[in-house]
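Please look over the sequence and the structure shown below before reading on.

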Amino acid sequence: MSKEVSRILLIEDDVSIAELQKDYLEINQMKAEIARDGLVGLNRALTEEFDLIVIDIMLPSMDGFEICRRIREKKNIPLMIVSAKKEDIDKVRGLGLGADDYMTKPFSPSELVARVQAHIKRYQLLTRTDPVNDTVERGAIMIDKSARRVFVLGKEILFPTKEFDLLLFFMEHPNRVWMKEQLFRQVWDMDELDSDIYTVVVHVGRIREKLKKGRLSEIPIETIWGSGYRFNA
């Protein structure tokens, strides 16, 4: 039986960049399709099945931030933002809207391919059908790993892919300090760049916000200044 080819949507209005990304992805046995308009890309993302979506920020008709927000409301697939906007506030905003990764242009096409492959591989491993109802419980937080569901004080709270993965990692490795670089390597399964530290910081912040909304009186993820984070159980 032949291996199923991963299908990637590139929402990118720069023809030369889009074609270069497409070529490199297809050289690496993936099927890449291009949408050069923001609204067209959003409609395709919501109505068609893709394994991962790469989104530029500056697009005709709708910007990448809004596209990311709307996709994340409906789907839990990996989302990557690529942009020439290098300011930290843009990275924080993109990740806060549910993107799993943020790459700043220019970057090498081979790095894009490596990150796309890593995100897809990890997502497929974490969403495999498992007949065993494998759960992890720490205090008032319970995670059903096979169903990828999180319950706080008995009430379900929705977590996007990487927020779920990071919370699960914390709960499976409690009471020890994890540096941000270690968390990125463990959860994103990639070597980190300096900019990737913001990815971890934003995701931890989003997890804390959701746990607070779940009326958890004490948030178990503690910041250890100068070191990283610890999940207290």
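## Terms and basis

Two strands are taken to pair if DSSP finds at least two bridges between them, and the elements themselves are DSSP runs numbered from the N terminus, with helices (H or I) of at least four residues and strands (E) of at least two. The model is predicted, so that local features need pLDDT of at least 70 and side-chain atom pairs count only at pLDDT 80 or more, while totals for chains, interfaces and linings use all residues. Residues are numbered from 1 along each chain as its sequence is written, and side-chain values use heavy atoms, with hydrogens and water left out.

## The parallel sheet

Five strands make up an open sheet with parallel pairing, in the order E2-E1-E3-E4-E5. Strand E2 (30-35) and strand E5 (101-104) are the edge strands, each with a single partner strand, so one side of each has no neighbour in the sheet. With direction ignored, neighbouring strands of this sheet are turned by 20° against each other on average; axes here are lines fitted to C-alpha atoms, for helices over the stretch in contact, and angles run from 0 to 180 degrees between N-to-C directions.

Within this sheet, strand E3 (residues 52-56) and strand E4 (residues 79-83) run parallel and are joined by four bridges, and Ile55 stands opposite Ile81 in E4. Helix H4 lies across E4 and E5, running at about 150° to E5, where contact means heavy atoms within 4.5 Å.

## The annotated span and its loops

The UniProt record, an unreviewed entry, places the feature "domain: Response regulatory" at residues 7-120; such positions are given in the numbering used here, feature names are shortened, and annotations may be inferred rather than shown by experiment. The span of residues 7-120 is 48% helix and 22% strand, and its end C-alpha atoms lie 10 Å apart.

Two backbone features in loops deserve a note. Gln29, in the loop between H1 and E2, has a positive phi of about 60° although it is not a glycine.

## Helix H1 against helix H5

Two packed helices are described by the angle between their axes and the distance between the axes. Helix H1 (residues 15-27) and helix H5 (residues 109-126) have their axes 9 Å apart and pack at an angle of about 55°. H1 and H5 are therefore oblique to each other, on a scale where angles under 35 degrees count as roughly parallel, over 145 as roughly antiparallel, 65 to 115 as roughly perpendicular and the rest as oblique.

The crossing of H1 with H5 is right-handed, a term used if the near helix is turned clockwise from the far one by less than a right angle, with anticlockwise giving left-handed. From H1, the contact involves Leu20, Gln21, Tyr24 and Leu25, and from H5 Pro109, Ser110, Leu112, Val113 and Val116. Seven of the residues in the contact of H1 with H5 are nonpolar, two are polar and none is charged; Ala, Val, Leu, Ile, Met, Phe, Trp, Tyr, Cys and Pro count as nonpolar, Asp, Glu, Lys and Arg as charged, and the others, Gly among them, as polar.

## The antiparallel sheet

An open sheet of four strands has antiparallel pairing in the order E6-E7-E8-E9. E6 and strand E9 (155-157) stand at its edges, each with a single partner strand, so one side of each is left without a neighbour in the sheet. From one strand to the next, the twist averages 25°.

Strand E6 (residues 135-138) and strand E7 (residues 141-144) pair in the antiparallel sense over four bridges, among them one in which Arg138 has Ile141 of E7 as its bridge partner. Two residues separate the strands in the hairpin of E6 and E7, where Gly139 takes a positive phi near 60°.

## Helix H8 and its two partners

Helix H4 (residues 88-96) and helix H8 (residues 196-213) have axes that come within 9 Å and cross at roughly 45°, which makes H4 oblique to H8. The crossing of H4 and H8 is right-handed. Asp88, Val92, Leu95 and Gly96 in H4 meet Tyr198, Thr199, Val202, His203 and Arg206 in H8, and the residues of this contact comprise four nonpolar, three polar and two charged.

Helix H6 (residues 161-172) packs with H8 at an angle of about 85°, the axes being 10 Å apart, and H6 and H8 are therefore roughly perpendicular to each other. Lys162, Glu163, Leu166, Leu167 and Phe170 of H6 make the contact with Val200, His203, Val204, Arg206, Ile207 and Lys210 of H8. The contact of H6 with H8 has six nonpolar, one polar and four charged residues.
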